[in-house]
Each structure stands twice: as C-alpha cells, then as structure tokens.
Amino acid sequence: MIDTGVLAAVQGLLACDPDVAFAGELGEMSRRSGSLRAFADYVDVRINRRSTELAAQGAADTGAHVLLDEGRLTGREALATGGRDRVCTQIPQFDDALAAGACTAGHIDAVANLTKNLTDEERCDLSLVVDDLVADATHQPVALFEKTTKATIDKIREIHRPNSDADQLDRQRKASKLKRWTDRITGIKQTLISLDPLRDASLHAVLDAHLTTIRHDPANKNRPFDELRIQALMMAFSAGHSAQRIPEVIIHIDHESACHGRHTDTLCETVDGQPIPVSTVQRLCCEAIITTVIVKPDGTVDQLCAELRTANRAQRRLLAAMYATCAHPHCQVGFSQCRIHHIVWWTKGGKTVLANLLPLCETHHHQVHEVGWNLSIDENRLVSWLRPDATLWQTADGPNRRPLRRAAKARAPDPPPGPVSEPVESLARTG
Ligand SMILES: [Zn+2]
Ligand SMILES: [Zn+2]
C-alpha cells in the first residue's frame, strides 16, 4: 500500500499533547486524525474487496465476515464498507481520495446511497460529472456534499425518468407504516410511524403548532421538552376529529415549476428541504393558501401576498347540493371525503368560482394531477374525462345527487355500495 501521508500524520499526532494544545493546534490534530480515519476506512474497503475475491474462489469468508470477526465492526459498519467498496470500484477517483484522506467515508456513503437505484444510462451520465463530484467531496462537509450530489443525480434521473419523483413519493406512501410493540424490559409502549416526506411534513406542522401553544403556557416552563412533545402529539390526535381539510404543509416552489412543471433548476421542497414532486404540489394547490414570496436574485425577499384557493363555505354547500359523491362517474366516495378540485388549475389561471370547482375523492384527484388525466366542464356541468394521452375516455353526466332524471337515465347500473374507487388500470381499459 502506498503511503499517502499517513506516516506523517501519525508522527505529527505522536508529537502532540491535546491537553495543553491551543485552538490552532487542535484543528491541525483533528485534520490529521480525520485523515487517519479515512485511511483506516480505505484499508477496510480494500480488505472487503480482496476477501470477496477470495470468497468467490472458495478461499475465504466473505468480506463482511472478516470485518465483523477480526475488525470488530458492527453489522451496519460492515454493510457500509460493502457500499463504499462498490463506489470506489466504480469510481476509482473516490478510491484515491479516500486513501489520501481528501474525503471521508461519509462522503462515499452519500454517493453509495444516492446511486443505489440508478439505471445503466444514468450511471453513464453520472460518469461525465465524476470529477466535479470528487472535487466537491474534497472541500464540502458531508451534509452539504450529500445535498449537492443529490441535486446532480436528480437532474440526471429527471432526463431519463421524468416522473421518477412522483413515483418515488408513491413508493414512499406505500411503504409508510405504523408499528406498535412493548419494550419487554421497561414495559414502555413503543409506536413507530414511518411516513413519506409529505405526510411527515403535514404531521409535524400540526405537532409544531400545538407545541408552540403549550410552550407559551407559563405552567409548562419547567416541564421537559420530550413531555411537551408528547402532549402536543396527544392534542393533535384529539383535535383530529374536528380538523379542517386544508393541507397544513408549507412547500417552497419556484414560479416556473409551479406553472410549467419541472426544469433543470426546480425548487420544490418542504420547509426542511425535503424534495416533493411538482405534480403533487399542483394537486395540493387545489385547496391551499398560496403565499407568494418574491425572491430577489441575491436570495433576499421583500414581498409577500397570500391568496386563498380553498372553496368557501357557500361554494361547498352549493357543490354538496349537486354532488353526493366524487364526480368520477364510477366512484362512490362520499362528498364529505372529497377534495374540491379546480378544473382549470390555479397555475393556469383557474379561479375559485363554482363553475370551475368539482368534488373529487383522493384517488381521482391524484389521478388528475399526478397521473395526467384531464378534465373539462361545460355550462351544464357535463364533465369530459381525457386520458393522459389526450384521447376522450367519456363525457360524464352532470351533478350526481339523486334523484336527477338525466343522471338516472344515462347512468350505467349502480356499482356496489361502499367507498369503491376505480384503479387507474381499469379506468384506462374502460370505453
Ligand atoms: Zn385538483
Ligand atoms: Zn373518486
């Protein structure tokens, strides 16, 4: 193995005593110990690589075994070393940078995580910007590097898989879950909530609002923060019954993306910087308070104006008088469960007026915004449903609250009762 400065780093450290060092010296020592740590991580990567080779020939355990048994790594650390090995093999510049202590294992881990699900074409595109990535890794802290690398990879993915962000959110929604168990030793009840970023932001917006109220109460001055958070959680649950249906999540999106979809410099994220698909935000905008902030080129802001996109109470009552269920012709989800959709989207100039509003259940609202179904409505409220390829699926009846002569005559036999929503596939086959 080549000495990449590791001997000098060891000698430098041996000559120091942290107990009597000054600030500048401590910085220098920390830099040296960091480069030693990177070197040790690099050695583990090489061990993993070679023992995997030997294992393939039947001459050794797998890389993970050596690192676990002899190197005394945890299972998680051994797994991470495997990921680093993959990155360093595919991108030898990272191998060199880690060996020289120019970047850390944290940088390599970020690349390993972000490139896990790339296709061959996307990897090929990534190889064109590898020098930039390595240069970033050598001068950016891990958190910043992760962010810039993610932005680069998102751009590449956007070229090859334009809807991948909406697909990813969909996967995250489906992977969301609630688990409950009891800790056998303490007897404490444990609840684990795994959520997609959008619902997570929505949950925490509610929690934070309750927490702010609780913290302003002088009686809570000396109570531990964890206790206050739990109280906020319990308040959120008990308030849930009367909760309004307006999304309480704040999204930062640039005007261009909001009106025309993603572009190379799209900004569309939660307050905490979690990226959100543009199509999803366009759906949320059907029922939201839109606050426009003009951001100047230097990043500062000086204008603020809010606009309410939510149908008002009178409009909801008028719509409820016309619709007993979601306006999709085969859908039985009740009006109270529906979102009020703007047929001409607000980003395209649609107004919050009765003629432009239609109740849609969550599933069909999602289909319109994220899957690409298109609606138009005439003066008799006959709604045309266009497939994502712009062909006409069918023109549905007007309002669906019974009894209505026209609806009763023109409609197909009633579907079975209950909240049945047509999945996209069967929709696409119909008509
Ligand atoms: Zn909508
Ligand atoms: Zn529906």
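What follows is a single close reading, moving from strands to loops and then to helices.

Analyst: This is a predicted model. The chain holds 18 helices and 11 strands. The region to look at is an open sheet of 3 strands, ordered 9-10-11, with antiparallel pairing. Strand 9 and strand 11 (392–395) sit at its edges. Each of these two has a single partner strand, so one side of each lacks a neighbour in the sheet. From one strand to the next, the twist averages 20°.

Take the pairings in turn. Strands pair through backbone hydrogen bonds, in a parallel or an antiparallel sense. Strand 9 covers residues 374–377 and strand 10 covers residues 383–386. They are antiparallel and share 4 bridges. Asparagine 374 faces leucine 386 of strand 10 across this pairing.

Now the loops. Most residues other than glycine have a negative phi. Arginine 381 is not a glycine, yet its phi is positive. It belongs to the loop between strand 9 and strand 10. Arginine 381 is partly exposed, because 16 other C-beta atoms lie within 10 Å.

The loop between strand 10 and strand 11 holds alanine 390. Alanine 390 also has a positive phi, of about 75°, although it is not a glycine. Is alanine 390 buried or exposed? It has 8 C-beta neighbours inside 10 Å, so it counts as exposed. The cut-off for exposed is 12 or fewer.

Next, a loop elsewhere in the chain. Glycine 334 lies in the loop between helix 15 (313–322) and strand 7 (339–342). Glycine 334 has 15 other C-beta atoms within 10 Å and is therefore partly exposed. Setting aside residues up to four places away in sequence, glycine 334 touches Ala324 and Thr325. Its C-alpha atom is 8.6 Å from that of tyrosine 323, which is 11 residues away along the chain.

For contrast, go to a buried residue. Alanine 38 is part of helix 2. It has 25 C-beta neighbours inside 10 Å, so it counts as buried. Beyond its neighbours within four places in sequence, alanine 38 contacts Leu98, Gly101, Thr104 and Ala105. The C-alpha atoms of alanine 38 and leucine 98 are 5.8 Å apart, although 60 residues separate them along the chain.

Helix 2 spans residues 23–56 and packs against helix 1, residues 6–14. The angle is about 135°, and the axes are 9 Å apart. That makes the two helices oblique to each other. The crossing is left-handed. Helix 1 brings Val6, Ala9, Val10, Gly12 and Leu13 to the contact. Helix 2 answers with Met29, Arg32, Ser33, Ser35, Leu36 and Phe39. By class, that contact has 7 nonpolar, 3 polar and 1 charged residues.

How do helix 5 and helix 8 pack? Helix 5 takes residues 92–99 and helix 8 takes residues 130–139. Their axes are 10 Å apart, at an angle of about 20°. Angles under 35 degrees count as roughly parallel. Helix 5 and helix 8 are therefore roughly parallel. Their crossing is right-handed. Gln93, Phe94 and Ala97 of helix 5 meet Val130, Val134, Ala137 and Thr138 of helix 8. The residues of this contact divide into 5 nonpolar and 2 polar, with no charged ones.

Last, the chain as a whole. Of its 431 residues, 24% are buried. Take the contacts between residues at least 6 apart in sequence: 51% of them join residues at least 24 apart.

Definitions and conventions: Residues numbered from 1 in each chain as written. Chains lettered and ligands numbered in written order. Predicted model: local features only at pLDDT ≥ 70, side-chain atom pairs only at ≥ 80, totals over all residues. Axes fitted to C-alpha atoms, helices over the stretch in contact; angles between N-to-C directions. Parallel < 35°, antiparallel > 145°, perpendicular 65-115°, else oblique. Left-handed = near helix turned anticlockwise from the far one by under 90°. Contact = placed C-beta atoms within 7 Å. Nonpolar A, V, L, I, M, F, W, Y, C, P; charged D, E, K, R; others polar. Pairing = 2+ DSSP bridges. Buried ≥ 20, exposed ≤ 12 C-beta atoms within 10 Å, placed from the backbone.
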